[in-house]
Number of protein chains: 2
Amino acid sequence: MYRIGVDLGGTNIAVGLVNEKFEIEVKKSVPTGATRPADEIIADMAATVAAVCAEKGIDVSDIESIGIATPGTANNATGVVEYANNLPFSMTPIAAMLAEKLGYKKSVKIANDANAAAWGEAVAGAAMGTKNNVMITLGTGVGGGVILDGKLYTGFNFAAGELGHTVIEVDGAQCSCGRRGCWEAYSSATALIRMTKEKIEECNQMGRKTIMSDKPKVSGRTACDAMRAGDEAAKEVYDKYIKYLACGLVNMINIFQPEVISLGGGISGEGQSLIDALLPLVRAAQYGGASEKATQLKIAKLGNDAGIIGAAMLA
Amino acid sequence: MYRIGVDLGGTNIAVGLVNEKFEIEVKKSVPTGATRPADEIIADMAATVAAVCAEKGIDVSDIESIGIATPGTANNATGVVEYANNLPFSMTPIAAMLAEKLGYKKSVKIANDANAAAWGEAVAGAAMGTKNNVMITLGTGVGGGVILDGKLYTGFNFAAGELGHTVIEVDGAQCSCGRRGCWEAYSSATALIRMTKEKIEECNQMGRKTIMSDKPKVSGRTACDAMRAGDEAAKEVYDKYIKYLACGLVNMINIFQPEVISLGGGISGEGQSLIDALLPLVRAAQYGGASEKATQLKIAKLGNDAGIIGAAMLA
């Protein structure tokens, strides 16, 4: 039994054939061409689904379920993308459009991309086996997905779970959403890069030595790598980043008390050392931190495949 | 058909007989005596339930359902209070104890008091008819209760929904929970009183005139009343309070996208003028604020009876 997951991004459409062990057996990707009409995007999506099936010698009609992870506000009930920022979707019934192009008789499911990734981790990744869990993606932004009582929580208008857009510092750093002081403005990879650059600038002005000054390009790894090499200024950057990240995680624990929070996105590549740095701060501040029933922090397992696997498992 | 709701507080045990229109027909209250053994507290609770029934000439066995709103971590599934801060409960099966003392054959239900009040507003108050709603209580602290998909959300360990204990200002004002900068430390009545006192002190030192200086005692109403009388310093206090309250409310909207957020507790006595002050700030900052499907802000309807009515309706 095979399922198809489609991860529709602003740059690429990735399609995966997912088996019963939640492994992706075939994966193909085509450019999204995000400025084209929706109809053309969906046509290429359908062609890629067909190509993935063909490679395995399976008829599309034999696919158990098809799901799409999409940017924007995705109405799970109707399969309509109500609005997307970077794609030409406005009340666009992408599920029905894909099903029609494929001649697929069952209904195609859709979910917001961050939610689909969280669903993937819940079904087949770091939060497998739990009914209440939260995924936080530490990438360009801070994304969130919330699974409550075994179901993806989307709110009454399918726009819930914008966990990165909760203010943790009133009048703080400017966020992409227009507010100031959002968690995203302190805990995204973008924020870590900003903090790193600020520290390098500060060191340069003070004549303080830091190996971070020698790097030609600053990335989310610059401070982490320099810290491990014993650089003190880098340690200050990392500690500050961890402090804000822990603050936001404690907020989520006090709100949801989930069994698991899984951390994904580029920063989660730091692995267990990230968890080890966060845990003491989180346990000291959270409600019920001393209890055996305290939320577990885990590194997400599925990486970039979470969206495909989550989409495939929406049905 | 009648139901019984018990609102167990640190000071009083209030018991109400609730009819099918969610009206309390009989209400009785006895002192909690919170330092006594649990057994004695439950005995007085049972006697009060019996007295309420007797006054209406109803046999306890004919009561449709009995519920208790209790402080602390209330396991809804087992009827056990796992822990309470200001009552002698530690893994105490208060539901079974009350049922046994009353000879009541059905199971007694329990919920945390803030959650029971939220449930009351959801079933019979400001959020009636909606499946996803949040109640925020602006009293001594900032309490929260979350109803998702028509059910009270308590997390996997029955401790979820501590919405007041989410940091909105890193390293900010000291909170009772041990953290700094919690929403509670800016949006409770206690916080408003602190802000009012700070402003009076500031005015006194600057030789600035404010009618708030003439009040013998500062309460949560002092700034609101003085503002309405045209006092500028009071307006500054109120605006600051509204700014922080709006910030926390936007956080909750971006997380939950509930149909309704109802505001209860002492500060909600300000009524529609509170909503009118909050709405422009909330709509400008929230995700989806321009949409027709934006969360409604409402003043809670049931007042101090929310706990009794919510407890009665738990079954």
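Visitor: Which strands make up the three-stranded open sheet in chain B, and in what order?
Guide: This is a predicted model, and in it the order is E5-E6-E7 of chain B, with antiparallel pairing.

Visitor: Which strands are at the edges there?
Guide: Strand E5 (73-75) and strand E7 (90-92) of chain B are the edge strands, and each pairs on one side only.

Visitor: And how much are neighbouring strands of this sheet turned against each other?
Guide: By 20° on average, with direction ignored.

Visitor: How many bridges are there between E6 and E7 in chain B?
Guide: Two bridges, in the antiparallel sense, with strand E6 of chain B covering residues 80-83. To pick out one pair, Tyr83(B) has Ser90(B) in E7(B) as its bridge partner.

Visitor: Let's hop to chain A. How do E5 and E6 pair there?
Guide: Strand E5 (residues 73-75) and strand E6 (residues 80-83) of chain A are antiparallel and share three bridges. Thr73(A) is the residue opposite Tyr83(A) in E6(A).

Visitor: What sits between E5(A) and E6(A)?
Guide: Four residues, and the two strands form a hairpin. Gly79(A), in the turn, has a positive phi of about 75°.

Visitor: What about E6(A) and E7, how are they joined?
Guide: By two bridges, with E6(A) and strand E7 (residues 90-92) of chain A running antiparallel. Ser90(A) in E7(A) is the bridge partner of Tyr83(A).

Visitor: Do E1 and E4 of chain A run parallel or antiparallel?
Guide: Parallel: five bridges join strand E1 (residues 3-8) to strand E4 (residues 65-70) of chain A. One of the pairs to look at is Asp7(A), whose bridge partner in E4(A) is Ala69(A).

Visitor: Switching to helix pairs: at what angle do H5 and H7 of chain A pack?
Guide: About 145°, with the axes of helix H5 (residues 189-206) and helix H7 (residues 232-256) of chain A 10 Å apart. The crossing of H5(A) and H7(A) is right-handed.

Visitor: Which residues make that contact between H5(A) and H7(A)?
Guide: From H5(A) come Leu192(A), Met195(A), Thr196(A), Lys199(A) and Cys203(A), and from H7(A) come Ala233(A), Glu236(A), Val237(A), Lys240(A) and Tyr241(A). Sorted by class, the contact has six nonpolar, one polar and three charged residues.

Visitor: Now the two chains. How many residues does each give to the contact?
Guide: Chain A gives 32 residues and chain B gives 32 residues. On the side of chain A that touches chain B, the largest share, six residues, comes from H7(A). The residues on that side divide into 16 nonpolar, 11 polar and five charged.

Visitor: Last one: where does Lys301(A) lie?
Guide: Lys301(A) is in the loop between strand E13 (296-299) and helix H9 (306-312) of chain A.

Visitor: Why is Lys301(A) called partly exposed?
Guide: Because Lys301(A) has 17 other C-beta atoms within 10 Å, and partly exposed falls between exposed, at 12 or fewer, and buried, at 20 or more.

Visitor: What does Lys301(A) touch, leaving out residues up to four places away in sequence?
Guide: Glu121(A), Gly125(A) and Ala126(A). The C-alpha atoms of Lys301(A) and Leu263(A) are separated by 9.0 Å, and these two residues are 38 residues apart along the chain.

How values were computed:
Residues are numbered from 1 along each chain as its sequence is written. Chains are lettered from A and ligands numbered from 1 in the order in which they are written. This is a predicted model: local features need pLDDT of at least 70, side-chain atom pairs count only at pLDDT 80 or more; totals for chains, interfaces and linings use all residues. Axes are lines fitted to C-alpha atoms, for helices over the stretch in contact, and angles run from 0 to 180 degrees between N-to-C directions. A crossing is left-handed if the near helix is turned anticlockwise from the far one by less than a right angle, and right-handed if clockwise. Two residues are in contact if their C-beta atoms, placed from the backbone, lie within 7 Å. Ala, Val, Leu, Ile, Met, Phe, Trp, Tyr, Cys and Pro count as nonpolar, Asp, Glu, Lys and Arg as charged, and the others, Gly among them, as polar. Two strands pair if DSSP finds at least two bridges between them.
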